Amino acid sequence: MSPIDLLQPQTSFATTRAKLEDLRSLLTAHQLDAYLIPSADEHLNEYLPEAKQHRIWATGFTGSRGDLLLGRDLAWLFVDSRYYEQAELEVDPTLIQIVKVGLEGQKTLEETLEDLGREANQHGKEFRLGFDPFTLAVSQYREFQKQIEPCGVVLVPLRENLVETVRSLPLWSETEPFPGFANSKLFYLPETLTGETPEQKLDRVREAMEKKNVQILPVTKLDQIAWLFNLRGWDVPYNPVFIAYAIITRQQAFLFTNPERIEPAIQQRLRSCVTLLPYEAYADHLRSLLAQAVSCRVLLDPKRSTLGTYQILKDHPSRPKILEADSPIEGMKACKNAVELAQMQQANLKASRAKIRTLKWLSGQLAKGNSVTEADVAATVERFYAAEEGFQGLSFNTIAGAGANSSIVHYGTPNPQRYLSPGELLLLDSGAQYASGTTDDTRTVIIGEPTAEQIERYTEVLKAHINCAMQRFPKGTTGAQLDGITRATLWQAGLDYGHGTGHGVGAFLNVHEGPNGISKLVNKPLEPGMVTSIEPGFYEPGWGGIRVENLYVVKDLTEFQPEGSAPSKVIWYGFEPLTYIPFDQRLIDLNRLSDRQREWLQAYHQAVVEKLAPTLNETEAQWLQAACVLQ
């Protein structure tokens, strides 16, 4: 089976051609020159319910990020470095031009639209760009206005989503029936897992609203809604969230979803704090609340709310005042309370134990001379995850890439015919959802004996990881600052990676959550209780890839001043590991590590043994102890 067969199960290239032709017929009907199909849906999700996978349906490209610009004759798919190789495998270049954003000579979506607008102007025309306003964040729309409208591009929000219109045509609705939507059963998390009741959380939200003097807060992000009401569901793959809107006022709260999937006992539990309404009632109810209010002020998060919601507010006859600011829910959700952190620690110990058992299993299979495929590795780690109490599912599609496949950053289709071979790297990035928390970790291991180049590059990536993990930083430090610190030694070695250094992680929620992260694009200060990954890497097509990833919680270290240091009024933070898995010592050149880096690594491996060896059987514990002895 070819890589394309494996990476593109959704559609054939011939089918893609027919879909694009049907979409182009609607461009003519709407007098459009192009239509934008972003990767997001009405809730700006990263992972989408199948019914909202518009770009995947139209192109066959399955990456979690990537925007399609469909013109009357040409089409462009814009992807970042995580998906350069994957896009080449999944997309027919005769139908869609793959634009590798970040490479020299490759233009961004905005730059491409600028060129198209200027070209149309030269012929005395305007360039009309259609889009669904409920799939575009307000902030992104503003960037479009600022950057491309002066070049002659007219932004045309449409009431219908053109992909959904085409999918409803008999040809497609009969051959590819529209999948179910918003129908998973919802379940309630007790305070023993969340640490707070919905009523307590609503009180905190309303206090924040009062300070900002706003009366209405529309909530469109699914993880915010799930966290606020202590509810979970499985409408979205890998993310325990459910399709819904919410509106919070000073006195009331409204939850818009499919009420039929909520058991009577849960409805009764929620009745004291929230009114349940159908999902479709969101827009009309928001208009009704605006009509009832006098001198109403509405808080809208422009980065996490769609233009569709903004238009409801802006076009309302009452002309409410809109305060554009971060939603208070986002920060509350990110800073885990003591109960959530204790649960996250337990979840990550379970996941660490499962990954350790997987690595031991792998070493045993190879020692016996048994053949092992990428798919075998992925199935094994999921089996060990599922054996732990409270397992709910994976937190994302397991990445098990061997050899050249390890350089595909989000290689999410482990191949049952790709056997592991001596001398190549295996990158295993996986995570699980437990009722107690969400996990995500990556280990890169060598199959057989490593080369000097593999050791050198792996050690440099590990050094970058350690530098970030042991970094103390003052209150107010942003993810962008730590991103540069992490890359410093890699840059000195002539190495780099195209993705961010880390992302926030939810408490039995999304494996990627904001507002915190560690990347050059994140200006949000890190605060105690935030959970983040640290995952530097290196990738070279054809050669392979390296990534080492742990989850950490931000801790207040102010009281733990270094010995001999002068008293300081500065508040200091640092990281505490949640993940405890040994790094592959065969790939580590200890001579390339500083004394502090070696001390950190030794202490980390010692902690791995102390925390997990007592929970393993004798054979597993012996393997772990040997894996943690640095040679």
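At 42% relative accessibility, Asn-213 counts as partly exposed, a class that lies between buried (under 20% relative accessible area) and exposed (over 50%), with a 1.4 Å probe and protein chains only. The model is predicted, so local features need pLDDT of at least 70 and side-chain atom pairs count only at pLDDT 80 or more, while totals for chains, interfaces and linings use all residues. Residues are numbered from 1 along each chain as its sequence is written, and side-chain values use heavy atoms, with hydrogens and water left out.

Asn-213 sits in the loop between α10 and β8. Its phi is near 55°, a positive value in a residue other than glycine. Tyr-238 also has a positive phi, near 70°. This residue lies in the loop between β9 (231-232) and β10. At 26% relative accessibility, Tyr-238 counts as partly exposed. Most residues other than glycine have a negative phi, and most peptide bonds are trans. The bond from Gly-514 to Pro-515 is cis, with omega near 5°. Pro-515 belongs to strand β23 (residues 513-518). Helices (H or I, at least four residues) and strands (E, at least two) are DSSP runs, numbered from the N terminus.

Helix α10 spans residues 198-211 and has 14 residues. From first C-alpha to last, α10 reaches 20 Å, close to the 20 Å expected at 1.5 Å a residue. The expected span is 1.5 Å times one less than the number of residues. Buried in α10 are Pro-198, Lys-201, Leu-202, Val-205, Arg-206, Ala-208 and Met-209. They cover an arc of only 155° around the axis, which puts them on the same side of α10. The arc is taken from the directions from the helix axis to the C-beta atoms. The face turned away from this buried side carries the exposed residues Glu-210 and Lys-211.

Strand β8 covers residues 216-219. Ile-216 and Pro-218 point one way, Leu-217 and Val-219 the other, and all are buried. In a regular strand the side chains alternate between the two faces of the sheet. β8 pairs with strand β10 (residues 245-249) in the antiparallel sense over 4 bridges; pairing requires at least two DSSP bridges. Thr-249 in β10 is the bridge partner of Ile-216.

A cavity is a set of points where a 1.4 Å probe fits but cannot get out. A pocket is an open set with protein on both sides within 12 Å along at least five of seven lines. Lining residues have an atom within 4 Å of a point. Grid points are joined across faces, edges and corners, and a volume is the space filled by probe spheres set on the points.

The second largest pocket has a volume of about 660 Å³. Its lining has 23 residues, of which Glu-42, Asp-132, Phe-134, Arg-159 and Ala-283 lie nearest the centre. Helices α13 (282-292) and α14 (307-314) are the elements that give two or more residues to this lining. The lining divides into 10 nonpolar, 4 polar and 9 charged residues.

The whole structure holds 3 cavities of 30 Å³ or more. The largest cavity has a volume of about 80 Å³. Among its 13 lining residues, Leu-189, Leu-193, Thr-194, Arg-232 and Ala-507 lie nearest the centre.

Conventions. 1 Å grid on protein atoms, 1.4 Å probe; cavity = no way out; pocket = protein on both sides within 12 Å on 5 of 7 lines; lining within 4 Å. Nonpolar A, V, L, I, M, F, W, Y, C, P; charged D, E, K, R; others polar.
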